[in-house]
Amino acid sequence: MFIDSHCHLDRLNLSLYDNKLDNVIEAAAAAKVTKLLCVSVTLEDFPQMAEKTAHYDNVLLTCGAHPLNQEDKIKPEQLLALSQNERVIAIGETGLDYHYAPETKELQLDSFKKHIQVAKQLKKPLIIHTREAQQDTLALLRSEGAEQVGGILHCFTESWAMAEQAIALGFYISFSGIVTFKNATALREVAALVPDDKLLIETDAPYLAPVPHRGKENQPAYVVEVAKHLASIRGQSVEEIAKLSSDNFNRLFKL
């Protein structure tokens, strides 16, 4: 049994699935993917995301604004209100991305800080996006006391040094289809080092489809391919990866 710890069901091109989200969920179930965490990227789109997924007992939600969605300053009261939805188990995705938008650094830092504060208030873990911002990400997690709630560094692509420091703060490290890419040798080396009790798997669907599905739209069923590659990298069975990553997810979110 697998858990997709990060996907964006509201961003899928449903025309590829006979215009039915049911078909995506059923394909995941057929691949033994039993839970999906549908991750928010804007507060404006959260209500629609929640409505679209409301009929699925195995779909859980997060609430937050992606660091690249910084057109306006985030309103903590809005984040707090939306996060009262009973299916919201985490705050985010939030974090820092200096690869695509270094010019919005100050807005990103402000937003990230507010997400951490709301997460602490609600006692919910954080979903962290970090790209080319290792030092600032770790510094803000420390200065704002994010270890009080912990969370996930999702779609991890950074160094082992960063992973190690994040793990020390109580964070889990989640790997996506990127770990299957031909040029991801350094990332595979990191994936081999993450402790069993801090490892998670995800798709980030509809993005980053893993080998052998590269070039297609990603979907939660493909998280199994991530598990297969991690099993090979780490010298474990696919069943072991499925169990330990599912146990970690359930422990983090107290499910």
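Which residues does V223 touch, not counting residues up to four places away in sequence?

A: Before we start, this is a predicted model, in which local features need pLDDT of at least 70 and side-chain atom pairs count only at pLDDT 80 or more, while totals for chains, interfaces and linings use all residues. Residues are numbered from 1 along each chain as its sequence is written, and side-chain values use heavy atoms, with hydrogens and water left out.

Now to your residue. Leaving out residues up to four places away in sequence, V223 touches F2, I3, D4, V33, I201, E202 and T203. Touching, or contact, means heavy atoms within 4.5 Å. V223 belongs to helix α8, residues 223-234. Helices (H or I, at least four residues) and strands (E, at least two) are DSSP runs, numbered from the N terminus. With a relative accessible area of 0%, V223 is buried. Here buried means under 20% relative accessible area, exposed means over 50%, and partly exposed is in between, with a 1.4 Å probe and protein chains only. Another distance to look at is the one to A209: V223 and A209 are 14 residues apart in sequence, and their C-alpha atoms are 9.0 Å apart in space.

Leaving aside neighbours within four places in sequence, H6 is in contact with L37, V39, E93, I127, H154, E202, T203, D204 and A205. H6 is part of strand β1, residues 2-7, and counts as buried because its relative accessibility is 0%.

For "binding site", an unreviewed UniProt entry lists H6, H8, E93 and D204. UniProt positions use the numbering used here, feature names are shortened, and annotations may be inferred rather than shown by experiment. These four residues are spread over 199 residues of sequence, but they cluster in space, with a largest C-alpha distance of 11.3 Å.

The unreviewed UniProt entry also places the feature "binding site" at H129 and H154. They span 26 residues in sequence, yet no two of their C-alpha atoms are more than 6.0 Å apart, so they gather at one spot. H129 lies in strand β5, residues 126-131, and with a relative accessibility of 14% it counts as buried. Apart from neighbours within four places in sequence, H129 is in contact with H66, P67, E93, T94, G95, L96, D97 and H154. Notice E93 in this list, and look back at the contacts of H6, where E93 and H154 are both found.

E93 has something else to show you. This residue is in strand β4, residues 88-97, and the peptide bond from G92 to E93 is cis, with omega near 20°. Another cis peptide bond joins A205 and P206, with omega about 15°. P206 is in the loop between β8, residues 199-201, and α8, and α8 is the helix where V223 is found.

Here is some background for these bonds and for the next two residues. Most residues other than glycine have a negative phi, and most peptide bonds are trans. C155 has a positive phi, near 45°. C155 is in the loop between β6, residues 151-153, and α6, and is buried, with a relative accessible area of 12%. K254 also has a positive phi, near 55°. K254 lies in the segment after α9, residues 238-252, and is exposed, with a relative accessible area of 76%.

The loop of C155 leads up to α6, so let us end with that helix. Helix α5, residues 134-143, and helix α6, residues 160-168, pack at an angle of about 5°, with their axes 11 Å apart. Angles under 35 degrees count as roughly parallel, over 145 as roughly antiparallel, 65 to 115 as roughly perpendicular and the rest as oblique. The two helices α5 and α6 are therefore roughly parallel to each other. On the α5 side the contact is made by Q134, T137, L138 and R142, and on the α6 side by M162, Q165 and A166.

Definitions and conventions
Axes are lines fitted to C-alpha atoms, for helices over the stretch in contact, and angles run from 0 to 180 degrees between N-to-C directions.
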